[in-house]
Amino acid sequence: MTTAFHIVVCGSLVPDPLQTLEPIQGPTGPALKNEMMLPSVLDPWAGHSLFEASHLAKQNPGSKVTLISLGPKAKLQQLMMIIAQKVPFELVCLDGSASGFMDSREVAAALAGAIEKIPGLDKTKLLVFGGCSSASRDAGTTMQMIAEQLGISDVFLGADELKIQPDGSFRILERIEGGQYLVSTCAGAPAMIGWATGNLPEPPNNPQVGMTNMRTIMPALQKATPAALKTDAIRFASVELPKQQRQTRIVKDTPVEEIAKEIVTWIKG
Amino acid sequence: MEKILFLAHTDANGHLPKIAFETLSAALEIQKGLAGSTLTVGLVGENVQPAADSIAACGASKILGVSGADFGTSRYATDVKALEAIGVASGATIIIAPATSRFSKALPGSAFRLKATIDTHVSGIQFTDGVLQVQRWYYRQRMLATLTRAARPWILAVDSGVFPIWQGAKGAAKVEAIAAAVTDKEKRTKVTGVEAPSADAQTIRPEAAVLLVAGAGWTKKQTDGQIHAKEAEKHILDFLKYAKASLGSSKSLVDQGSEGEAVLSFMSHLNQVGQTGSTPRHPKGLSTCCHGEEPHVVGWRFINERRAINTDANCGWAQGKADVLYVADAFAVMAKVNELLAKG
């Protein structure tokens, strides 16, 4: 038995992890220096969830994947140039801040509202995917709040594996403490899954997929709805880079035996 | 006056996990810092009495409990229901809970239902002019924010290793049972078990004193022009065995598996530290064959004493981040280290 799903993936952009980040005080709160100029990537865990969504859709004919992104429209356009060739999806775009300093409740409300407005959305087939947390706010709270707003009561966080069983139910592995997995079964859609890394590699670029995607991506970007996010929920007293700089002692031209003894003494100390 | 609610759940043995005792210390610190505030305890689990007894002397004005078979394991729908019920019954304005995997999943849902605000990964608290402020990291441990909120209820999920473990006498606690009726819809998910690696393959040990971070250099060509992945595996596993250490990895090493390069058989994404991995807390950390920001900056943000073995004396990521940088061949050093550790 195959089941057709409508998989809605929530994912947006974050600064490229290789960029040096510096906080500044903006007009409405903390921000990143030169934020609009920083190269961006798809949030890594959200990226994994997008690849998992595509894989699941491929295995279940009739399924479709919608990517819903909240971020500055111009930057989302740049991001789509990068990811459009990876997997097939339709885009829903919300024009607003992708800053990590936004309150997750505001972000969740905007995303859930946009999901509700997806034309022809059938909640009985709905799977909401996203990262288990973002690389910006790293709160791990947005997806559950989206689920609550959509009335979804089966929620999984830190998932690395989702298998559809012959009867249409799921078997899910979620990361828990100590490198272990919690194994659960769920009767079926609707459900929300916040992914960890999953087990799939990043798909190679496929120009044909890119061309097909871009036919819907560009209109979606043009139709981007402004997301009015309030910024007064959190009062930041300070945001600063860690000051601690260690005085590194360099040990070189030293026999291996001596280094090993020093390390062992340190470990046992 | 704040009404503080300390929330915890029982573990598989019916006891409170270590992080719960740490979070209780934080709750008591908040109570002390906010004059006139009260403390209530809320417990969730199949049977919460032993857990309540273990913290009977904490000074809470009352202990609320949601218990029963439906609340024995980590299931979102039932956990949210339990947390919501305790939150309502307590009338709490500040709710503080340990950031276990179970609560990390359920707390945001309960925040939504309680119309509460929530901050997770709390790594410090302070009081400024009588106002509670919390510290948490943004952009994956790259910048530290100190913040507060005016809205109540305010839920705080506290990371492990931040606060001291609460110490106190056990006693006979009186638990006030809170009802949380569970519907069939809330039982669509069934927890069927836990998959744990075999004892030999257990490389993640949160309680270990030492974290060994292995970088991609272990699987690169060595001075003889050959790759020695099997030898690397032996050195790393021997070290984990003799030093009872936990294993972290750079992203590049973990990703090699999907890129068709030489891999370490026991390494998985679960070991990954850094931007898309964990940021574990251990007293000591030793990085080997690592180059890059993720293992040295993000991955061991919460490692107290840090040393690195690297063939590059100018490794900009280790300098300023490690206490000691050994410029040497990690294969040779780790072989000798293991030999010495094996002798005891």
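Which residue is the bridge partner of A:Arg249 in E16(B)? The partner is B:Val324, and the point is taken up again under the contact between the chains.

1. Basis of the note. This is a predicted model, in which local features need pLDDT of at least 70, side-chain atom pairs count only at pLDDT 80 or more, and totals for chains, interfaces and linings use all residues. Residues are numbered from 1 along each chain as its sequence is written, while chains are lettered from A and ligands numbered from 1 in the order in which they are written.

2. Chain A overall. Chain A holds six helices and 15 strands; helices (H or I, at least four residues) and strands (E, at least two) are DSSP runs, numbered from the N terminus. Its C-alpha atoms fill a box of roughly 65 × 50 × 40 Å along the principal axes. Of its 269 residues, 50% count as buried. A residue is buried if 20 or more other C-beta atoms lie within 10 Å of its own, exposed if 12 or fewer, and partly exposed in between, with C-beta atoms placed from the backbone. Among contacts in chain A with a separation of 6 or more, 77% are between residues 24 or more positions apart; two residues are in contact if their C-beta atoms, placed from the backbone, lie within 7 Å.

3. Strand E10 of chain A. Strand E10(A) (residues 170-176) is largely enclosed by the rest of the structure, because six of its seven residues are buried. On one side, E10(A) pairs with strand E9(A) (residues 155-164) in the antiparallel sense over five bridges; two strands pair if DSSP finds at least two bridges between them. Within this pairing, A:Glu161 stands opposite A:Leu173. The two strands form a hairpin with five residues between them, and A:Gly168 in the turn has a positive phi of about 90 degrees.

4. The next hairpin. E10(A) is also joined by seven bridges to strand E11(A) (residues 180-186), again antiparallel. Here A:Arg175 stands opposite A:Tyr181. Three residues separate the strands of this hairpin, in which A:Gly178 takes a positive phi near 70 degrees.

5. Helix H4 of chain A. Eight of the nine residues of helix H4(A) (residues 142-150) are buried, among them A:Met143, A:Ile146 and A:Leu150. These buried residues pack against E1 (6-10), H3 (104-116), E8 (126-131), E9 and E12 (191-195) of chain A, together with helix H4 (101-113) of chain B. Just after H4(A), A:Gly151 has a positive phi of about 75 degrees.

6. The parallel sheet of chain B. Seven strands of chain B form an open sheet in the order E5-E9-E4-E1-E2-E3-E10, with parallel pairing. Its edge strands are E5(B) (117-122) and E10(B) (175-177), each pairing on one side only. The twist averages 25 degrees from one strand to the next. Four bridges join E5(B) to E9(B) (residues 154-158), where B:Val122 has B:Val158 as its bridge partner. Helix H1(B) (residues 18-33) lies across E1 (3-9), E2 (38-45), E4 (94-98) and E9 of chain B, running at about 155 degrees to E4(B). Axes are lines fitted to C-alpha atoms, for helices over the stretch in contact, and angles run from 0 to 180 degrees between N-to-C directions.

7. Nonpolar cores. A nonpolar core is a set of buried Ala, Val, Leu, Ile, Met, Phe, Trp, Tyr and Cys residues joined through C-beta atoms within 7 Å. Of the 145 residues in the largest core, A:Val9, A:Leu111, A:Ile146 and B:Ile96 touch the most other members. H1(B) gives the most to this core, with eight residues. A second, separate core of 45 residues includes B:Leu211, B:Leu264, B:Cys315 and B:Tyr326. Leaving aside neighbours within four places in sequence, the contacts of B:Ile96 include B:Phe6, B:Ala27, B:Ile30 and B:Leu156.

8. Contact between the chains. In all, 74 residues of chain B are in contact with 67 residues of chain A. The side of chain B that touches chain A divides into 36 nonpolar, 23 polar and 15 charged residues. In this count, Ala, Val, Leu, Ile, Met, Phe, Trp, Tyr, Cys and Pro are nonpolar, Asp, Glu, Lys and Arg charged, and the others, Gly among them, polar. Strand E15(A) (residues 249-251) and strand E16(B) (residues 324-327) run parallel and are joined by three bridges, and A:Arg249 has B:Val324 as its partner there.

9. B:Met143. This residue lies in strand E8(B) (residues 143-148). B:Met143 counts as buried because it has 20 C-beta neighbours inside 10 Å. Apart from neighbours within four places in sequence, B:Met143 is in contact with A:Leu21, A:Pro23, A:Val239, A:Glu240, A:Leu241, B:Trp137 and B:Tyr138.
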